[in-house]
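Here are my comments on the model you sent over. Have the sequence and the 3D view open while you read.

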Amino acid sequence: MSRPRGVFVAGTDTGVGKTLIAAALTLALKEEGVDVGVMKPLESGGLRFEGTLIPRDAYHLKEVSGVDDPLELINPYCFEPPLAPAEAAAREGVEVDLGRVFKAYEELASRHEVMVVEGVGGLLVPICEGTLLPELIKALGLPVLLVGRTALGTINHTLLSLSCCQREGIEVIGFLLNKVSPDSDPSEESNPSWISRFSKVPYLGTFPYLGELGAITEAKAFLQPLFTEHIDLGRIFDLLGLSRGRTS
Ligand SMILES: Nc1ncnc2c1ncn2[C@@H]1O[C@H](COP(=O)(O)OP(=O)(O)O)[C@@H](O)[C@H]1O
Ligand SMILES: [Mg+2]
């Protein structure tokens, strides 16, 4: 089987840290000498600034990765309402053409060795009329890296998301938990092992809380070392069929 062309960073929900983890993974791959491209195919909740709609996640991924690809390829569709893309597009009277997304992806994938693609919301989010996110993941042919919260409730959300991938025939590289809040609860320590016991997917580690962040770009200096320290990067490299420690 040919090696996957990248990773699809999916979440158990919105706000779980997909953008932050996608950025950290990108930097960790780059640190090992891999040429990484980034993509956020569909984004809603874009920021209106002086008449222009800015896709924040795509912008942050571009900034952090340092790629010189145009934002229009990194993010073919951005909507202003902070809603599921299908609903946001309908409200703006836009018809989403997934062909445009694939074309942009193919162009970026041809420029880079590995693609890091960020999802939108959780897994079963409508991305356009009659289509949920897993259709896009399957069409891109990328394995999923699943990001969940560390807190109480994550066993249910993570196992549901993993069973969705399994049902859809989507390969999963592994799951990791991200501590998005300073609050702790007594479930945190044992959550990874409960999830592991009920799924056949590797647990890749827990990404620590970084304090109150204004923007992900603020944390750029810490992302790579923390990712490499806390997350099983070796497994990600193995699944991508890459060797570590190269120079670019
Ligand atoms: N480990 C972390 N430590 C501190 N803040 C975090 C962490 N992970 C995410 N955040 C913050 O939580 C919010 C949601 O993260 P984000 O990556 O945008 O989630 P998603 O892409 O899943 O919607 C952002 O404000 C981000 O800066
Ligand atoms: Mg995001």
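1. First, some housekeeping. This is a predicted model, where local features need pLDDT of at least 70 and side-chain atom pairs count only at pLDDT 80 or more, while totals for chains, interfaces and linings use all residues. Residues are numbered from 1 along each chain as its sequence is written, and chains are lettered from A and ligands numbered from 1 in the order in which they are written.

2. The protein has ten helices and twelve strands (DSSP runs, H or I of at least four residues for helices, E of at least two for strands, numbered from the N terminus). Its C-alpha trace spans about 45 × 40 × 40 Å along the principal axes.

3. Now find ligand 1: 16 residues surround it, and Gly17, Lys18, Thr19, Leu20 and Leu210 are the closest (a residue counts if its C-beta atom, placed from the backbone, lies within 6 Å). Helix H1 (residues 18–31) gives the largest share of this shell, three residues.

4. Next, look at how H1 packs with helix H2 (residues 56–65): the angle is about 20° and the axes are 9 Å apart (axes are lines fitted to C-alpha atoms over the stretch in contact, and angles run from 0 to 180 degrees between N-to-C directions). So H1 is roughly parallel to H2, a label for angles under 35 degrees.

5. Who touches whom? Thr19, Ala22, Ala23, Thr26 and Leu27 in H1 meet Asp57, His60, Leu61, Val64 and Ser65 in H2 (contact is C-beta atoms, placed from the backbone, within 7 Å).

Conventions: Parallel < 35°, antiparallel > 145°, perpendicular 65-115°, else oblique. Contact = placed C-beta atoms within 7 Å.
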